[in-house]
Amino acid sequence: MPMLACHPCNMKSRIVLLLSLLSSSPIIIGVHGLLLAQHHNKAISSLCRRNFSLMTSSSTKHSKTELSAKSSSAGTQFITNKMCPYAQKAWIALESSGIAYDMREVSLYGPGGKPDWFWKLNPRGTVPIVTMDGENDVYADSELILDAVGDISEGILARTADLSEEERTQVSKWREIMSKQLAPVGKSAVLGGSMPKLRSLLKEMNDMVVGPYLCGQRMTLADCAAFPFLWRIDQDYGIGGNGEEKLRDWLDVCLKTETIKSTVVRSWWWWW
């Protein structure tokens, strides 16, 4: 399935999953009635220890360099939840593009539900959403957001039109491998503990790294698409062993790139 907007786990689904895996573990009731559990294996730990506290809606102004008349005059709005990896890749692109934008965070869970204005922008009820030219241009899909931002970037993020044909092919390949391979393989590894297949894929991806960024000297949409997902795997399982050295170097470069580093948050979701 293509990597579209964020699909963080439905709370009931998480509870059913935890209960099915924790037949003998003591269970307590947590804040807001969410079920938290004492757990004994890596997969459960990864799911349970994320911060599921509700986030209130807020608006934060991000001042960036002047861009096109369309973006700067009408304004660009980024509707997101910072814990979502799909939203994070759009956030990285915006931060790295030089676009001036307003960030508006929404709570994806809660007794009040999502606000009406949010549903009007995206009837699927998912983040991220980017609006440009007032609300005349609405992008409610993380991949479409990358395409739109890549077309007008004036920042560290290379504009798509400025890339060589070879670079554009590399970017497309990275985006495809993230959506069609890493997303399902990573999920299977975390939930089912089948790490060999994930390690094999990481080694394959390692051979694709040009360096210092994924496609060479310039940061591209490939880096935006890959970082949130590979960073999460690195957090719980580590990246950098035998055959993964280039991926490790790339992650370190990303973490020294301010426009990427600034999107890293303490509490985060996986991508299911």
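Here is a walk through a few helices and their contacts.

Before clicking, note that this is a predicted model, where local features need pLDDT of at least 70, side-chain atom pairs count only at pLDDT 80 or more, and totals for chains, interfaces and linings use all residues. Residues are numbered from 1 along each chain as its sequence is written, and side-chain values use heavy atoms, with hydrogens and water left out.

**Stop 1: helix 7**

Select residues 165-192, which make up helix 7. Helices here are DSSP runs (H or I, at least four residues), numbered from the N terminus. Helix 7 has 28 residues and spans 39 Å from first C-alpha to last, close to the 40 Å expected (1.5 Å times one less than the number of residues). Now zoom in on Leu182: there is a kink of about 40° there, shortly before Pro184. That bend is the angle between axes fitted to the seven residues ending at a residue and the seven starting there. Just past the helix, check Gly193, with its positive phi of about 75°.

**Stop 2**

**Stop 3: helix 8 against helix 9**

Next, bring in residues 221-237, helix 9. Helix 8 packs on helix 9 at about 130°, with axes 13 Å apart. What sits in this contact from helix 9? Leu230, Ile233 and Tyr237 do, meeting Met195, Leu198, Arg199, Leu202 and Met205 of helix 8. The contact divides into seven nonpolar, no polar and one charged residue.

**Stop 4: helix 4 against helix 9**

Finally, select residues 85-97, helix 4. Helix 4 and helix 9 pack at about 135°, with axes 8 Å apart. On the helix 4 side, pick out Pro85, Tyr86, Gln88, Lys89, Ile92 and Ala93; their partners in helix 9 include Phe227, Phe229 and Arg232. This contact has nine nonpolar, one polar and two charged residues.

Terms used
Axes are lines fitted to C-alpha atoms, for helices over the stretch in contact, and angles run from 0 to 180 degrees between N-to-C directions. Helices (H or I, at least four residues) and strands (E, at least two) are DSSP runs, numbered from the N terminus. Contact means heavy atoms within 4.5 Å. Ala, Val, Leu, Ile, Met, Phe, Trp, Tyr, Cys and Pro count as nonpolar, Asp, Glu, Lys and Arg as charged, and the others, Gly among them, as polar.
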